[in-house]
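Dear colleague,

Please find the structure below, followed by a short account of the findings.

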Amino acid sequence: MKKIFFLFFFHLLILPFAFAQEAREIVKKADEKAKGKTSMATITIQTIRPGWTREMSVKGWTKGNDLTLILVLAPAKEKGVVYLKRKKEVWNWIPSIERNIKMPPSMMSQSWMGTDFTNDDLVKEASILEDYNHSFLAEVTIDARTCYKIQLLPKPKAAVVWGKIIMAIDKKDFMMLHVEYYDEDGVLINTMHCTDIKMLGGRLLPARMEMVPANKKGNKTVLLYNSLVFDTPMDDSFFNIQNITKVK
Amino acid sequence: MKFYKSILTCILCFICTTFFAQKYSTKTPWIELNGYIKDMQSTYFIQKIDSNASMNLIHNRLNFKFTISPKISGRLEIRNRIFYGEQVKQISDFGKAINQYNGILNLSHLWINEKSFVAHSVIDRMLLQYADEKWDIKIGRQRINWGINNIWNPNDIFNAYNFLDFDYEERPGNDAIRIQRNLNNSSALELAYKPGKYKDDHTVAFLYKINKWKYDFQFLGGMYQTDYVVGGGWAGNIKEAGFKGELSYFIPKRNTLETSDTFSISIMADQTFKNDWYVSLAGLYNSNPTNAFVSSGSFYNSNLSAKNLFPFRYNFYATVLKTISPIKSFNFSFIYSPEKNTVILVPVYAWNVATNFDLDFTAQSFFSEQNNTYQNLITEIYIRGRWSF
């Protein structure tokens, strides 16, 4: 009896950790599926505001969670602008003045090129695994797909922008379909919704992502994947500061 | 001249090809063209609003990029400007004043040089580039930008510029050779040589760049015209704020009564705040100031150099930028020097009216103590439209 009680107690203790582990694994699986070991994508970004819209197209390369390079293809004025992220450092190459600017960390929480994405969203997604604790909430259905609902709370000392993230991940195909971003006070700030699920780079993934800020009516940013290639071998030197001026 | 004409003919022939190539090819076309057309109306006031003069500037830039092979490419960039109006008339020999370059090749031409109408073209980039994973070699007219800070760059020994000349963001080029070698993923060595027309006109220097402890560091040394130069700079952060700096020390090659060592250092910090506010602060110290100040700095190729970035010993700069919306921003810059309490105020309102069309309003107002009174020397207002392609 004592033994059973002891084992039961032990299981109770370990259970939350086991579930946390599993929730994290699911987020990791979805994250890895969307990123691959390396990825190369062309993306159209639409910034929608009441009264006007702007469109931008970019080419992006990623390797693991630490290396990202983004080249702006359009509009004409910004063509050739490059963002390079290595671990937590970010550089911005501006071809018209031929200068490479190291960005201050405070700029990370700002809007990226006027969109509803922050610089942080763009380059620090990795932290959804390392900087947060993960737990399961009730199951949800998003666009007729059954999803895990997972809550992410930042670890005590993590330097993150969000106070809470709630994401819905497709149970069968491990796609992030719906993500809600909350601030430190628990107020909803942004909602991301993903649709247009199709084969991209040999994987079933949503090709359209919409980011909608909660408190700004009529504002929206839409990301459209035009092409996506996974796991092409890329050398780390591709992501060095010297290459920022040469990439095309 | 003949050379210039043949280049222009080539360009005109290729323009059509480029558009065709860009439309129907998904690969990098072997020739690409981009640029802009700007129209800028400017008016200045000297103290009283009724003593003013205006000028219009039509400004076109053509940037051609040639991809000859995956490793070899070329660039040809042309700046065409047409000035007309009262202001042109007021500056004696305006055409000649803007048509200056003391490099080896003469790649500019004054098409029309009348009293109040000037048309001018200059090729400010014309280079061949070889680039592979390790090497990056550029020969020809180019901009060698070794600066780190946003306003004053003591390390910018090849292409120092006047930040008040805001309508020339590309900055002039230099006829030079630049060789860059990547040592590993976080460091590189660079060598640049700019031959001069005269004996004391050469500049040759090396630059070593390294990324360590989340900072970018650089060190440079070489010969800068009549001086030896050593210097360095850094870009990093203190907590959330960016923290950058540059310094250069110039030692005359020959000691005479008129020469002395010059030390120039510039430090800046910048940070973004909630609700899209951005603040940047900078300071410049120059041990050997000229104290000569031309208030309307915009249209002259003033004698600015890395040794003499601003006329005074102590110079301070502050800018506040508010991004009103992704397409509208307001920026206010304040420049101050204790020398005659010189102040320059520069408000800018920028608006991206439509994709590829920008409109901005800029003012530059200069204040200083003159003849024992503190006064506004000149205020210049600019309205500028830009269509990019």
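Predicted model: local features only at pLDDT ≥ 70, side-chain atom pairs only at ≥ 80, totals over all residues.

Residues are numbered from 1 along each chain as its sequence is written, chains are lettered from A and ligands numbered from 1 in the order in which they are written, and side-chain values use heavy atoms, without hydrogens and water.

In chain A, strand β11 (residues 188-200) and strand β12 (residues 203-213) pair in the antiparallel sense over ten bridges; strands are DSSP runs of E of at least two residues, numbered from the N terminus, and pairing requires at least two bridges. A:Leu200 has A:Arg203 in β12(A) as its bridge partner. A:Arg203 also lies over the face of A:Phe230, at 4.1 Å from the ring centre (the criterion is NZ of Lys or CZ of Arg within 6 Å of the ring centre and within 35 degrees of the ring normal).

Over all chains, the search finds 25 aromatic pairs (rings of Phe, Tyr and Trp, the last by its six-membered ring, with centres within 6.5 Å; planes under 30 degrees apart are stacked, over 60 edge-to-face, the rest tilted). B:Phe263 and B:Tyr285 form a tilted pair, because their ring centres are 6.4 Å apart and their planes at 55°. This pair links strand β13 (residues 262-273) of chain B, which holds B:Phe263, to strand β14 (residues 277-286) of chain B, which holds B:Tyr285.

Yours sincerely

How values were computed: Helix = DSSP H or I, 4+ residues; strand = E, 2+ residues; numbered from the N terminus.
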